[in-house]
Amino acid sequence: MAEKVLVTGGAGYIGSHCVVELIEAGYQPVVVDNYSNAVREGNVAESIRRIEKLLNTSIEFHELDLLDRPALEKLFKKHSFSAVMHFAGLKAVGESVEQPLRYYRVNLTASMNLMEVMQAHNVHNLVFSSSATVYGDPQHLPIDERHPVGACTNPYGKTKYFIEEMIKDHCKSEKDWNAVLLRYFNPIGAHSSGQIGEDPQGIPNNLMPYVAQVAVGRRPFLNVFGNDYETVDGTGVRDYIHVVDLAKGHIAALKKLKDNCGCQVYNLGTGKGYSVLQMVKAMEKASGKEIKYKIAPRREGDIASCYADPTLAEKELGWTAAFDLERMCEDLWRWQSMNPTGFTNGVPS
């Protein structure tokens, strides 16, 4: 019988792509989401509905907020989960600077609720969606997992760091717990079908969804925040990873849990950095569209450069990023051009 894996925030961008990979790897995902970054279609999220159609399957989905402890308890009483993939949480750097208390309340409380309910129901395997923001302003590049953490430049990064610390401490005190903390760099792209992708609710907080919306004519121009960093062209440099590569990293992490690995940390990135303007050019090539932009002041909490050393994940998880920048942009453009207004289009014919 297929192992059941609880996927929190599974209707969102990264979660939904992981749901696809879980099903294709033979797992049975049970998905919960509170629609904070997903689109509703009847009693199910539109992303989940599309996956069901794409893979000709049915997926158990529950509208559930992790702050609702009784609802979470009820779900764990109903199912016997082999592991949990935890994606749910608020995730915008800029917004976290403006609303720090909301980020601490939601992200930390949700994670504590989840871990306490897992403990009560003897579910001791966890894959956590962390972030390269835990490294703060890099002391050296590329960033490996030994790089110091905790000097985060924004509240979002601090919540990820605090949750990591909670998980590490819990694994230390409860020897039968296993956790893999995956520090993402910058996920972009979409499923090759064009059926699921990143659909930010409101103004995109991340670069590439904004670039794609400019390319499709949904927004007039891109604001480039700062062109005076010490980088190749003055704009910020980041490590961009295809979301499908990222999702496959989670399947590798699930397998690692079976080794009774304790608490392990891995970077998921490509090891290559690209500037904002290089990304704009790559998207212009993929879309065949001019992408207009304006230079704006730096954003608080941003850093100049950040890219990974992913060799530990390759060595210990047997995982490596397969898709190059051209493929990332092609898949992103396929998604955006097929879904110019996101999931609210309905299913493309």
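Modeller: Happy to. Helix 1 (residues 13-24) and helix 2 (residues 46-55) pack at an angle of about 30 degrees, their axes 10 Å apart. This is a predicted model, where local features need pLDDT of at least 70, side-chain atom pairs count only at pLDDT 80 or more, and totals for chains, interfaces and linings use all residues. Residues are numbered from 1 along each chain as its sequence is written, and side-chain values use heavy atoms, with hydrogens and water left out.

Colleague: Why is helix 1 called roughly parallel to helix 2?

Modeller: Angles under 35 degrees count as roughly parallel. The angle here is about 30 degrees, so helix 1 is roughly parallel to helix 2.

Colleague: Which residues of helix 1 and helix 2 meet?

Modeller: Contact means heavy atoms within 4.5 Å. Ser-16, Val-19, Val-20, Ile-23 and Glu-24 in helix 1 meet Ser-47, Ile-51 and Leu-55 in helix 2. By class, that contact has 5 nonpolar, 2 polar and 1 charged residues.

Colleague: What makes a residue of helix 2 buried, and which ones are?

Modeller: Buried means under 20% relative accessible area (1.4 Å probe, protein chains only). In helix 2, Glu-46, Ser-47, Ile-48, Arg-50, Ile-51 and Glu-52 are buried. Their packing partners include helix 1, strand 2 (28-33), strand 5 (60-63) and helix 11 (325-338).

Colleague: What comes just after helix 2?

Modeller: There, Asn-56 takes a positive phi of about 50 degrees.

Note on methods:
Axes fitted to C-alpha atoms, helices over the stretch in contact; angles between N-to-C directions. Helix = DSSP H or I, 4+ residues; strand = E, 2+ residues; numbered from the N terminus. Parallel < 35°, antiparallel > 145°, perpendicular 65-115°, else oblique. Nonpolar A, V, L, I, M, F, W, Y, C, P; charged D, E, K, R; others polar. Buried < 20%, exposed > 50% of the residue type's maximum accessible area, 1.4 Å probe, protein only.
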